[in-house]
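Subject: Structure handover

Hello,

Please find the structure below. Notes on what was found in it follow.

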Amino acid sequence: MSLVPISKINLILLVGLLFATGAAAEVSKPVDTPERFSVLVTYGDDVCPEAEADEIIVCAKRPESERYRIPKDLRKVEEESSGEQSWSSTVASHEDAARAGRPNSCSVNGTNGWTGCQAALLRRWFDERR
């Protein structure tokens, strides 16, 4: 008894889906676009090549001094702030970062990670007392 209404609903959804895909196919129109796009960077006195039929060429001019350099986006280097922390604080932060994979870490990662749960509680307690 309950199978008849479900099959009718499925049939209605299938017919609706077919009409929706047919309508979507009619909306898309062929667009007359070029077959090839070229984006080039020219340096110094280099000439940008001429576009042929069904082709778009976009040229950017850069000075000759930039020809063999690393692009500016890749040159950005984050400055390390070595003067803001003491050496012992830096070492402690590195130890904390690597602690999860070592024994006695109270972690599911690494070998015997579960063995350090009591030590982690004591470390946290001493850190809070400081």
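From the N terminus on, the order of elements in the protein is α-β-β-α-α-α. That gives four helices and two strands. Please keep in mind that this is a predicted model.

Overall figures

The protein has 130 residues, of which 9% count as buried. Its accessible surface comes to about 11,900 Å², and carbon and sulfur atoms account for 59% of that surface. As for contacts between residues at least 6 apart in sequence, 3% of them join residues at least 24 apart.

The disulfide

The count of disulfides comes to one. It is formed by cysteine 48 and cysteine 59, whose sulfur atoms lie 1.6 Å apart, which meets the cut-off of within 2.5 Å. The link between cysteine 48 and cysteine 59 is right-handed, with 70° about the S-S bond. Cysteine 48 sits in the loop between strand S1 (36–43) and strand S2 (55–62), while cysteine 59 belongs to strand S2, so the pair ties together parts that are eleven residues apart in sequence.

Are these two cysteines buried, exposed or partly exposed? Cysteine 48 has 24% relative accessibility and counts as partly exposed. Cysteine 59, at 30% relative accessibility, also counts as partly exposed. Both follow from the cut-offs, because buried means under 20% and exposed means over 50%.

The largest pocket

The largest pocket has a volume of about 160 Å³. Its lining consists of Tyr43, Arg62, Glu66, Arg69, Ile70, Pro71, Lys72, Asp73 and Arg75. Which element gives the largest share of this lining? Helix H2 (residues 72–75) does, with three residues. By class, the lining of the largest pocket holds six charged residues, three nonpolar ones and no polar ones.

Tyrosine 68

Tyrosine 68 is located in the loop between S2 and H2. Its relative accessible area is 77%, so tyrosine 68 is exposed.

Regards

Methods:
Residues numbered from 1 in each chain as written. Predicted model: local features only at pLDDT ≥ 70, side-chain atom pairs only at ≥ 80, totals over all residues. Heavy atoms only, no water. Buried < 20%, exposed > 50% of the residue type's maximum accessible area, 1.4 Å probe, protein only. 1 Å grid on protein atoms, 1.4 Å probe; cavity = no way out; pocket = protein on both sides within 12 Å on 5 of 7 lines; lining within 4 Å. Points joined across faces, edges and corners; volume = space filled by probe spheres on them. Nonpolar A, V, L, I, M, F, W, Y, C, P; charged D, E, K, R; others polar. Contact = heavy atoms within 4.5 Å. Areas by Shrake-Rupley, 256 points an atom, 1.4 Å probe, with all protein chains shown as cover.
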